[in-house]
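Hi,

Here is the structure I promised to pass on.

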Amino acid sequence: MIDLKALRDNPQPARDSQIARGEDPALVDRILAADQARREALREFETKRAEQKAVSRAIGKASPEERQSILAHAKELAQEVKELEARSNELAGDTDALAKAIPNIIVEGVPAGGEDSFIDLRHEGTPRDFAAEGFEPQDHLALGEALGAIDMKRGAKVSGTRFYYLTGIGARLELALLTMALDQGIANGFTPMMTPTLVTPAIMGGTGFLNEHSEEIYYLPTDDLYLTGTSEVALAGYHADEIIDLDSGPKRYLGWSTCYRREAGSAGKDTRGIIRVHQFNKVEMFSYCSVEDAVAEHERFLAWEEEMLAKVELPYRVIDTAAGDLGTSAARKFDCEAWLPTQNRWMEVTSTSNCTTFQARRLNIRERAEGGTRTVATLNGTLATTRWIVAILENHQNADGSVNVPAALQPYLGGLKKVEPLS
């Protein structure tokens, strides 16, 4: 949620952010109008309540002749106060709903526009020239099936479309990848966490996921709980309604969890294989930090993601995501996209977002500061996920269908250097 005081002091950045996102800037003025009405109603309520208290105190000092009329006046005031309080609460609810409807205000430098308006920051590594090597690369599913690593047919039989089994070397490869991410996170000061994958509406809404994209989230109405699409949600809720100590620097957590996404808005996209599925595993970085450190922490998160990509020897590019393609909570997001040779395109494998104070304000997470407390900043970033297997198989394949194991990953697979087809 945005800072209403900052919005009152200077609403133009919020208007500019809405325009950059392709959203309605008039929402900012509706919020300001609602907030003004709320504050006026609150002042009227408090003034009338003070009058009521003064009259109530006068009853005991009144003469018998005056008492009845003062009692009648006190009764009238009590009714007025009750009505004014109800009106004040109603307007506060309206203001809160409007304030929660506006996405985070983007930070300076974020490109305006939609999905295709990103800025290509840099490329690392060189995609292989399979034609020069003399063979046509197979896609990850054909490779995975031949290696005994992926079973989509039985996944669909058991759970429906976009479910799968990772079998044999596929299961080992995922565990190796996520464990390598875990080790890297621990080496960089993260506390490892096995997080809940079911959260309350307050936590899911607090992170900004219950918005126009809420149809992507699995909901269990009997329990009034949501399945998380990322451990970011549970990690953001970990310190809800707390004052945390950041005197020694950011609090960093590394969540390992299964993630669930309905993919309701992606009909027909990446339906082959395990690129876009309903269930996957992920290691996620999450940080609580002081507002002044958020930009530097964002750069650190991106560097740690790139460190992991270098370990698995993937060619990739880094993009600065355009405002219209940001999630509700993100003020800026960098994506790393690995080269997918069989589709001749880049495929997102990591992203890291600076959510500034947006999530922490909703979840009431603060730090002590001079003169009281203040809201902290939150950041998140993917360190490894199931989808990486797609890029690893396709980029490291050989003409005979075998796949080379990146050197950094080999110790996590018992020294295995190459994965051979089953037959």
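Arginine 317 is buried in this predicted model, with a relative accessible area of 13%. By "buried" I mean under 20% relative accessible area, with exposed being over 50% and partly exposed anything in between (1.4 Å probe, protein chains only).

With glutamate 337 it makes a salt bridge at 2.7 Å, N to O, a salt bridge being a side-chain nitrogen of Lys or Arg within 4 Å of a carboxyl oxygen of Asp or Glu. Arginine 317 sits in strand β11 and glutamate 337 in strand β12, so this pair ties together parts that are 20 residues apart in sequence. Both of these residues, arginine 317 and glutamate 337, are buried. The other partner is aspartate 120, in a salt bridge with arginine 317 at 3.6 Å, N to O. Because aspartate 120 lies in strand β1 (residues 119-124) and arginine 317 in strand β11, that contact links parts 197 residues apart in sequence. Aspartate 120 is partly exposed, at 35% relative accessible area.

Arginine 122 also forms a salt bridge, with glutamate 124, where the closest N and O atoms are 3.7 Å apart. Arginine 122 is partly exposed at 31%, and glutamate 124 is partly exposed at 31% too. The structure holds 28 salt bridges.

A word on how to read all this: the model is predicted, so local features need pLDDT of at least 70 and side-chain atom pairs count only at pLDDT 80 or more, while totals for chains, interfaces and linings use all residues. Residues are numbered from 1 along each chain as its sequence is written, and side-chain values use heavy atoms, with hydrogens and water left out.

Now the cysteines. Cysteine 336 is buried, with a relative accessible area of 0%, and cysteine 355 is buried at 1%.

Threonine 356 lies in the loop between β13 (345-354) and α12 (358-363) and counts as buried at 19% relative accessibility. Glutamate 313 also has a positive phi, about 55 degrees, and is not a glycine either. Glutamate 313 is in the loop between α11 (294-311) and β11, and is partly exposed at 41%.

Finally, the overall picture. The chain has 13 helices and 18 strands; helices (H or I, at least four residues) and strands (E, at least two) are DSSP runs numbered from the N terminus. Of its 423 residues, 49% count as buried, and the C-alpha trace spans about 105 × 45 × 40 Å along its principal axes.

Cheers
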